[in-house]
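Open the model in your viewer and keep the selection tool at hand. We will go stop by stop.

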Amino acid sequence: MTPAEFTAALRTLRIWSGLTYRQLEDKAAAHADTLPASTIATTLGRVTLPREGFVDAYTRACGLGTEEVRRWLETRRRIAAGEPLANDGARDDDPGPPTVGAPTPASLPRWRRAAGLFGAAVLGIAGTIGVSSLSRDAPTPAALPEMPVTGLRMLAVGSWAQIHPARTPELCLTEGRDRTGRYQTAIAVQRFCTDAALPQVFLEPLGKDTVQIQWHHPKYGIGCLTVLSEGPGLDLLEPRDDCADHDRAQQFHIERFGPPVTTHFRIRPVITGRCLSLRDQDTQDGAEVVQGRCSGATDQDFMIELTPPPKVAAGLTPSAR
């Protein structure tokens, strides 16, 4: 119905395809289309309606056929023209009007409305590519290892996760602020997990034992944790919406830490080779995550817990912080 819903459906289509941005770029090139990975990430990170040429190349790169691509393009043109759905959006299998007393979308809390958008996006894709295709025919990425991170049973296309300081597992890495006040925008901190439902964390593999740490937020969108190398935020981590898998400041090497039987890890920014830790080895709620010398200290020991996909993931609407 809206540009934001259409872009959310495109993001769901990428998850269905099982392809990374770089793999989509290669698929597009095989069709003689130019679709840089950076363009894909930027376009999917907006709430505006993508260009028609992007939708054409992107849907074909995701593996859709000519008729399926045509339906996506027709939907884009309808939204661009401001036209309503035929028959007011009713489908042949429409269950009919809501029961008396059912809440309207405007009366629902933001997160329940977002969950509804996710359901609509999934149903729209199922109607376009066929429900059976979702489970049977999704292509398998070829360039990434079966287990992208040693000791962590991630999917080749990436996994949702929570990252905990091992010494305080009740805390999670999430969004917060610099307690000194020197840096004013959002940064990575440790907070009680009960207060850290947002943003949702997604680990996207970039190579063996190397990932991009994405934050998905319903208000601020998709941001990639980026190591700051200068200025008042030196050594802090900021979520930035210019995600690019070639940006070394957004790449993190995950390595086993401690005895092999444990699932503890050390997280090292590729750009410096240093280690993530907590400022001043603080154990308090709100302590800032920083990079520093790899010392083997307990504040450099993290646990990574893989989590089920959130129901609202496809409804997130990225925008700059």
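Select strand β1 (residues 159-165) together with β4: the two run antiparallel and are joined by 3 bridges. Strands here are DSSP runs (E, at least two residues), helices are runs of H or I with at least four residues, and both are numbered from the N terminus. Two strands count as paired if DSSP finds at least two bridges between them. Click Ser159; its bridge partner in β4 is Leu203.

This is a predicted model, in which local features need pLDDT of at least 70 and side-chain atom pairs count only at pLDDT 80 or more, while totals for chains, interfaces and linings use all residues. Residues are numbered from 1 along each chain as its sequence is written, and side-chain values use heavy atoms, with hydrogens and water left out.

Stay on β4 (residues 200-207). How many of its 8 residues are buried? The count is 7, so the strand is mostly covered, where buried means under 20% relative accessible area, exposed over 50%, and partly exposed in between (1.4 Å probe, protein chains only).

β4 and β5 pair in the antiparallel sense over 7 bridges. Find Phe202, which stands opposite Gln214 in β5. Then go to the hairpin, with 2 residues between the strands. Asp209 takes a positive phi near 60° there.

Next, select helix α3 (residues 37-44). Its buried residues are Ala37, Ile40, Ala41, Thr43 and Leu44. They pack against α1 (3-17), α2 (21-30) and α4 (52-61).

Now for the charged pairs. A salt bridge puts a side-chain nitrogen of Lys or Arg within 4 Å of a carboxyl oxygen of Asp or Glu. The count comes to 15.

Show Glu52 and Arg77. Their closest N and O atoms are 2.7 Å apart. Glu52 is in helix α4 and Arg77 in helix α5 (residues 66-81), 25 residues apart. Glu52 is partly exposed at 32% relative accessibility, and Arg77 is partly exposed at 40%.

Move to Arg179 and Glu288, a salt bridge of 2.9 Å, N to O. Arg179 lies in the loop between β2 (171-176) and β3 (187-192), and Glu288 in the loop between β10 (275-278) and β11 (289-292), so the pair ties together parts 109 residues apart in sequence. Buried or exposed: which is Glu288? Glu288 is buried, at 1% relative accessible area. Arg179 is partly exposed at 43%.

Last stop: select Asp178, Arg179, Arg279, Asp282 and Glu288 together. Salt bridges that share partners join these residues into one network.

Technical notes: Contact means heavy atoms within 4.5 Å.
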